[in-house]
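Visitor: Could you walk me through this structure? I'd like to go contact by contact and ask as I go.
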Amino acid sequence: ILFGGIDTEKFMGTLSSLKIYPDARSRGSEITSFVVAFTSLSASSKSGTDTFTPTGFAQAATLDSGTSLTLLPDDLAALVFQEVGASTDNDLGVVVPCALSQVTGTLDFGFAGDNGPVIKVPISEMVLLLTDIHGNSPTYTNGRTVCSFGIEPAQGRPILFGDTFLRSAY
């Protein structure tokens, strides 16, 4: 962690700051969480870009280093799952074929409106290895290895950008 300094080797593009908003626990000017305006989500690859959010979309989202996964509004999570071929398993949660870690596309998270910063998270950063208590990875019936996916639907919980997002942001 670098407090008060900027390491220009750690990011591409222009560094910009985001307004931090109070949350339900904030009192007066006291800020208790890193709540930002999440304003767009799209998927980009060599074949093009699919936009998941409508014009004028804005949701409060918390940048949370204490959360491993990223929790998106349910409708957005469903669109992302459809895009990457994710499914939900009662025991394992949201899963994808581990081969998805070889995909070169990105999920592009936009903040603070049309002219705000966009954080491009490689799809590979969202693919997490799963193992059982014996160190074995589960497999689909076709023999392909199953991995966890780093996004879940919020299902009424706050929108959170956890480690699967934050490790791609500066």
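Guide: What follows is a talk about a predicted model, going through its disulfide, strand pairing, salt bridges and aromatic rings.

Visitor: Let's begin with cysteines. How many disulfides are there?

Guide: The count comes to one disulfide, and it is formed by C98 and C147, whose sulfur atoms lie 1.9 Å apart.

Visitor: Which parts of the chain does that pair tie together?

Guide: C98 sits in the loop between β6 (93-97) and β7 (106-111), while C147 belongs to strand β10 (residues 146-149), so the pair ties together parts that are 49 residues apart in sequence.

Visitor: What about its handedness?

Guide: The disulfide of C98 and C147 is right-handed, because the torsion about its S-S bond is about 105 degrees.

Visitor: And are C98 and C147 buried or exposed?

Guide: Both C98 and C147 are buried.

Visitor: New topic, the strands. Which way do β1 and β3 run relative to each other, antiparallel or parallel?

Guide: Strand β1 (residues 34-45) pairs with strand β3 (residues 59-63) in the antiparallel sense, over five bridges, and within this pairing V36 stands opposite A61 in β3.

Visitor: How many bridges join β1 to β7?

Guide: Six bridges join β1 to β7, and these two strands run antiparallel; as one example, S40 has G110 in β7 as its bridge partner.

Visitor: What joins β1 to β2?

Guide: A hairpin joins β1 to β2 through two residues, and the two strands also pair in the antiparallel sense over four bridges, β2 covering residues 48-51. In this pairing, S45 has G48 in β2 as its bridge partner.

Visitor: I was looking at S44. Where is it placed?

Guide: S44 has its place in strand β1. With a relative accessibility of 17%, S44 counts as buried, because the cut-off for that class is under 20%.

Visitor: What does S44 touch?

Guide: Leaving aside residues up to four places away in sequence, S44 touches T49, G105, T106, D108 and K120. With D108 there is also a polar contact, in which the two side chains come to 2.5 Å.

Visitor: D108 and K120 both turn up there. How do the side chains of D108 and K120 meet?

Guide: The side chains of D108 and K120 meet in a salt bridge, at 3.3 Å from N to O. D108 lies in strand β7 and K120 in strand β8 (residues 118-122), so this pair ties together parts that are 12 residues apart in sequence. D108 itself is buried, with a relative accessible area of 3%.

Visitor: How many salt bridges does the structure hold?

Guide: The structure holds three salt bridges. Another of them is between R167 and E125, where the closest N and O atoms are 2.5 Å apart. R167 lies in the segment after α2 (163-166) and E125 in the loop between β8 and β9 (127-129), so the pair ties together parts that are 42 residues apart in sequence. R167 is partly exposed, with a relative accessible area of 45%, and E125 is partly exposed as well, at 27%.

Visitor: And which side chains meet at 3.6 Å?

Guide: Those are the side chains of E152 and R157, which form a salt bridge at 3.6 Å, N to O. E152 is partly exposed, with a relative accessible area of 23%, and R157 counts as partly exposed at 39%.

Visitor: Last topic, rings. How many aromatic pairs are there?

Guide: The count comes to 10 aromatic pairs. One of them is F109 with F161, an edge-to-face pair with 5.3 Å centre to centre and 75 degrees between the planes. F109 lies in strand β7 and F161 in strand β12 (residues 160-161), so the pair ties together parts that are 52 residues apart in sequence. F109 is buried, and F161 is buried too.

Visitor: Which helix residue does F109 pair with?

Guide: That residue is F165 in helix α2, and with F109 in strand β7 the pair ties together parts that are 56 residues apart in sequence. The rings of F109 and F165 are edge-to-face, 5.2 Å centre to centre, with 75 degrees between the planes. F109 has a relative accessible area of 0% and F165 one of 2%, which makes F165 buried.

Visitor: Which residues do ring pairs link into a cluster?

Guide: Ring pairs link F38, F57, F109, F111, F161 and F165 into a cluster.

Methods. Residues numbered from 1 in each chain as written. Predicted model: local features only at pLDDT ≥ 70, side-chain atom pairs only at ≥ 80, totals over all residues. Heavy atoms only, no water. Disulfide = S-S within 2.5 Å. Buried < 20%, exposed > 50% of the residue type's maximum accessible area, 1.4 Å probe, protein only. Pairing = 2+ DSSP bridges. Polar contact = N/O pair within 3.5 Å; in protein donor to acceptor, adjacent residues only side chain to side chain. Contact = heavy atoms within 4.5 Å. Salt bridge = Lys/Arg side-chain N within 4 Å of Asp/Glu carboxyl O. Phe/Tyr/Trp six-rings, centres within 6.5 Å; stacked < 30°, edge-to-face > 60°.
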